[in-house]
Amino acid sequence: MAPFATLYSAVTLAVFAQQAVAWGNLGHETVGYVAQNFLAPKALAFVQSSLGTTYSKSLGVAATWADTVKYETAYKWSAGLHFVDANADNPPTSCSVQETRDCDGGLCILTAIANYTTRVAETSLSAAQRQEALKFLDHFLGDIGQPLHVENLKVGGNDIDATCSGTDTNLHAVTALDTGMLTKNVDANHGSEATTYATYLIGEITSGSYKSKTSSWLACTSPTETLSSKRENPPTIESDVGKLLAARATSATTITPLECPLVWAQESNAYDCSTVFPFTAGSDTCTGTYYSNAIPVIDLQLAKQGYRLAAWLNVIFDGATNLP
Ligand SMILES: *[C@@H]1O[C@H](CO)[C@@H](O)[C@H](O)[C@H]1NC(C)=O
Ligand SMILES: [Zn+2]
């Protein structure tokens, strides 16, 4: 963002405003409800006691907290943690994310996930601090699955007209996988409710079209890894979290970069090239092939991130993903 900030501050602000509503409440709640369903015993016990009745003991209810507080003075500092700007990419031609290049000043969604992973596990912190960490993880594991949270939006994106079901929204093209299309789909097919929609995705995970894919969701294998560049011992959620927590024990100040969240970011970012940006200027994003291509991606990203959130918390609290 930095290079554009002075010249195009109005546009930058508009982009931030759009990012602010990305996934929207519906998407985040869905991720939380999916995750809640797959928690292992200790993770579930922690979630329930930490969130308490304030959040109905539910990751679904608590998932939107981070978006609410970033507008409040006390939490303004956290607004920059919801995304990573993939600076060198140019969708739909080329897409890429790198942590050292793109994580502005070491503060972005990638380092935030590491920070709140160590904090949620840190028993010396207060219950309030650990609840904060849990709510951030609940939210950021959703955001990282959103293609537009891993994209440095071009100023030119402002000139692209797009509408959703006839409603003109400036910059709507850049929020293409966002609330407009998601809401339309959930209204039409899933009873207009995050809980109903989550139940559908959980069914696809446990016995439907996603069943055969879930183990690959938990394998932290980069989408850009080819057969020849495949690492012999690719990271797993267990190794990633394990290394982080072990490093924390020896040094409280440095944050070890995580490998799995980077892979998730690269996966989402690839959708900017394949699905988000290839559209006809001025066309309606909520009809036709653009919409029908996007809906399966939205379903998949929300299901995947909910499942990954459960796996992540299970590894932290139960020592293993406990998931197929
Ligand atoms: C880690 O989390 C704490 C508590 O929210 C926050 O004050 C701190 O800035 C975070 N640090 C990093 C490097 O993200
Ligand atoms: Zn967010």
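This is a predicted model: local features need pLDDT of at least 70, side-chain atom pairs count only at pLDDT 80 or more; totals for chains, interfaces and linings use all residues.
**Exercise 1. Find how helices H4 and H9 are oriented to each other, and which residues make the contact.**

Step 1: Start with the geometry. H4 spans residues 41–51 and H9 spans residues 127–143; the two pack at an angle of about 115 degrees, with axes 10 Å apart.

Step 2: Classify the angle. Angles of 65 to 115 degrees count as roughly perpendicular, so H4 and H9 are roughly perpendicular to each other. Their crossing is left-handed.

Step 3: List the contact. H4 contributes Phe46, Val47, Ser50 and Leu51, while H9 contributes Arg130, Gln131, Leu134 and Lys135. Sorted by class, this contact of H4 with H9 holds 4 nonpolar, 2 polar and 2 charged residues.

**Exercise 2. Work out the orientation and handedness of H15 against H8.**

Step 1: H8 (residues 109–121) packs against H15 (residues 288–318) at about 40 degrees, and their axes are 10 Å apart. That angle makes H8 oblique to H15.

Step 2: The crossing of H8 past H15 is right-handed. On the H8 side, the contact involves Ile113, Thr117, Val120 and Ala121; on the H15 side, Trp312, Ile316 and Phe317.

**Exercise 3. Identify the protein donors of the zinc ion (ligand 2) and describe the geometry of its site.**

Step 1: The donors are Asp67 (OD), His82 (ND1), His139 (NE2) and Asp143 (OD), at 2.0 to 2.8 Å from the zinc ion.

Step 2: Along the chain, these donors follow the spacing D-x14-H-x56-H-x3-D. Asp67 sits in helix H6 (residues 65–69) and His82 in the loop between H6 and helix H7 (99–102), so to speak a pair 15 residues apart that links distant parts of the chain.

Step 3: Check the angles. A tetrahedral site needs all of them between 85 and 135 degrees, but the 4 donor atoms here give 79 to 168 degrees, and the site is irregular.

Note on methods:
Residues are numbered from 1 along each chain as its sequence is written. Chains are lettered from A and ligands numbered from 1 in the order in which they are written. Side-chain values use heavy atoms; hydrogens and water are left out. Axes are lines fitted to C-alpha atoms, for helices over the stretch in contact, and angles run from 0 to 180 degrees between N-to-C directions. Helices (H or I, at least four residues) and strands (E, at least two) are DSSP runs, numbered from the N terminus. Angles under 35 degrees count as roughly parallel, over 145 as roughly antiparallel, 65 to 115 as roughly perpendicular and the rest as oblique. A crossing is left-handed if the near helix is turned anticlockwise from the far one by less than a right angle, and right-handed if clockwise. Contact means heavy atoms within 4.5 Å. Ala, Val, Leu, Ile, Met, Phe, Trp, Tyr, Cys and Pro count as nonpolar, Asp, Glu, Lys and Arg as charged, and the others, Gly among them, as polar. Donors are N, O and S atoms within 2.8 Å of the metal (3.2 Å for Na, K and Ca); water is not among the atoms, so sites may look incomplete. Four donors count as tetrahedral if all angles lie between 85 and 135 degrees; four count as square planar and six as octahedral if opposite donors are over 155 degrees apart and all others between 65 and 115; anything else is irregular.
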